[in-house]
Amino acid sequence: MKRFKRLRKNNIIRQMVQENRLDINELIYPLFVVDKASFKKEISSMPNVFQLGFKELLEECRECLKLGINKILLFGVLEDDKKDACGSDAYNENGLISRAIKAIKQEFKDDIYLIADLCFCEYTNHGHCGILDENGYLDNDKSLQISVKQALVMAQAGVDMIAPSSMLDGIIYTLRKALDENSYYNIPIMAYSTKFASAFYGPFREVAQSTPKQGDRKSYQMDVANSKEALLESLEDEKQGADILMVKPALAFLDVVKDISNHSKLPIAVYNVSGEYAMLKNAAKQNLIDYDRMLIEIMLSFKRAGASIIITYHAKELALILGAK
């Protein structure tokens, strides 16, 4: 009889044979900047997540560094009166995201590794991820053209990595080609390669103010029922030049993470999204769970499935938990 309990007798031996571990260096913390000098607003559905003005954005980056978090995923949150049909502020060199990137890099230089979300839903007056055609559908190829403009503005501002989240066909090839042709060879692309049209994004749309004014994103984001297509999407992005593949959301799609990790040699990221965060926070508020234990268990499930990078709103909490061990 095999006695598996031999390797579970006490904490020392359990740690010795533990297959997966969490490391603060694997965490990326999302931040949301608004076009104000000083501003801080907590999101009702996401405790401890804020819309930040420029002053508070830099303060938050400083706090992250103190905790050992040095990777930020930056989102711009534009006021409605500055939005238009093509999200032009996103590719304006004096626009919100460009100025925010410059502010962070000027203050922290290489101490902060800055990743910028590349999309248009936060910048368009219709809330979709690019230019719409006359029938109200996303025009893939016209949206690719403005995505190139946005990528080059981000590169010129000093971004370290670009993360296109629009799920446009051909986006990775198009951006890689444009970056290389403009001598930005060393800016990697983290592809939102398998991004599902998920119900888990609700709280995010409150913080990013990006809810579509009409319709939904099911015509360009992935069907939550499909796993084979998810693998094809990710492998295609790998062929087109992605440096990192991402699955979003994370928790409900661990089978997809595992499948991709079994077929690709690229690093795999997961986005532990707003709905996952809000559910855990609400369960803790009602004293239904051992919050810290469940949080660690969820994070380890991402690692077990094959992810080596975790984008999460829990990053600061995890830094404190991991630092205490």
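Visitor: Where is arginine 8 found?
Guide: Arginine 8 sits in the segment before H1. Helices (H or I, at least four residues) and strands (E, at least two) are DSSP runs, numbered from the N terminus. This is a predicted model, in which local features need pLDDT of at least 70 and side-chain atom pairs count only at pLDDT 80 or more, while totals for chains, interfaces and linings use all residues. Residues are numbered from 1 along each chain as its sequence is written, and side-chain values use heavy atoms, leaving out hydrogens and water.

Visitor: What is arginine 8 in contact with, leaving aside neighbours within four places in sequence?
Guide: Contact means heavy atoms within 4.5 Å. Beyond those neighbours, arginine 8 is in contact with Ile13 and Arg14. Glycine 202 is 194 residues from arginine 8 in sequence, and their C-alpha atoms are 41 Å apart in space.

Visitor: How many disulfides does a search of the whole structure find?
Guide: A disulfide is a pair of cysteine sulfur atoms within 2.5 Å. The search finds 0. Take cysteine 86: its nearest cysteine sulfur, in cysteine 119, is 14 Å away. Now take cysteine 129. Its sulfur lies 3.5 Å from that of cysteine 119, too far for a bond.

Visitor: Is cysteine 129 buried or exposed?
Guide: Buried means under 20% relative accessible area, exposed over 50%, partly exposed in between (1.4 Å probe, protein chains only). Cysteine 129 has a relative accessible area of 1%, so it is buried. Cysteine 86 has 23%, so it is partly exposed.

Visitor: How many salt bridges are found in the whole structure?
Guide: A salt bridge is a side-chain nitrogen of Lys or Arg within 4 Å of a carboxyl oxygen of Asp or Glu. The search finds 13. One of them joins glutamate 26 and lysine 303, at 2.8 Å from N to O. Glutamate 26 is in the loop between helix H1 (11-16) and strand E1 (27-34), and lysine 303 is in helix H10 (residues 291-305), so the bridge ties together parts 277 residues apart in sequence. Glutamate 26 and lysine 303 are both buried.

Visitor: Which residue meets glutamate 63 in a salt bridge?
Guide: Lysine 316 does, at 3.3 Å from N to O. Distant parts of the chain are linked here: glutamate 63 is in helix H2 (residues 54-67) and lysine 316 in helix H11 (residues 315-324), 253 residues apart. Glutamate 63 is partly exposed at 37%. Lysine 316, at 17%, counts as buried.

Visitor: Which residues form a network of salt bridges?
Guide: Asp35, Lys82 and Arg99 are linked in one. Lysine 281 and glutamate 317 form a salt bridge too, with their closest N and O atoms 2.6 Å apart.

Visitor: How are two packed helices described?
Guide: By the angle between their axes and the distance between the axes. Axes are lines fitted to C-alpha atoms, for helices over the stretch in contact, and angles run from 0 to 180 degrees between N-to-C directions. Helix H3 (residues 96-108) and helix H4 (residues 140-157) pack at about 25°, with axes 8 Å apart. H3 is therefore roughly parallel to H4. Angles under 35 degrees count as roughly parallel, over 145 as roughly antiparallel, 65 to 115 as roughly perpendicular and the rest as oblique.

Visitor: Which residues of H3 and H4 meet?
Guide: Ile97, Ser98, Ile101 and Lys102 of H3 meet Val153, Met154 and Ala157 of H4.

Visitor: At what angle do H2 and H3 pack?
Guide: About 45°, with axes 11 Å apart. H2 and H3 are therefore oblique to each other. Among the contacting residues are Phe54 and Leu57 of H2, and Leu96 and Arg99 of H3.

Visitor: What values of phi do most residues have?
Guide: Most residues other than glycine have a negative phi, and most peptide bonds are trans. Lysine 109 has a positive phi of about 50°. Lysine 109 lies in the loop between H3 and E5, and is exposed at 55% relative accessibility. Methionine 167 also has a positive phi, near 60°. Methionine 167 is in the loop between E6 and H5, and is buried at 9%.

Visitor: Where is a cis peptide bond?
Guide: Between lysine 248 and proline 249, with omega about -5°. Proline 249 belongs to the loop between strand E8 (244-248) and helix H8 (254-263).
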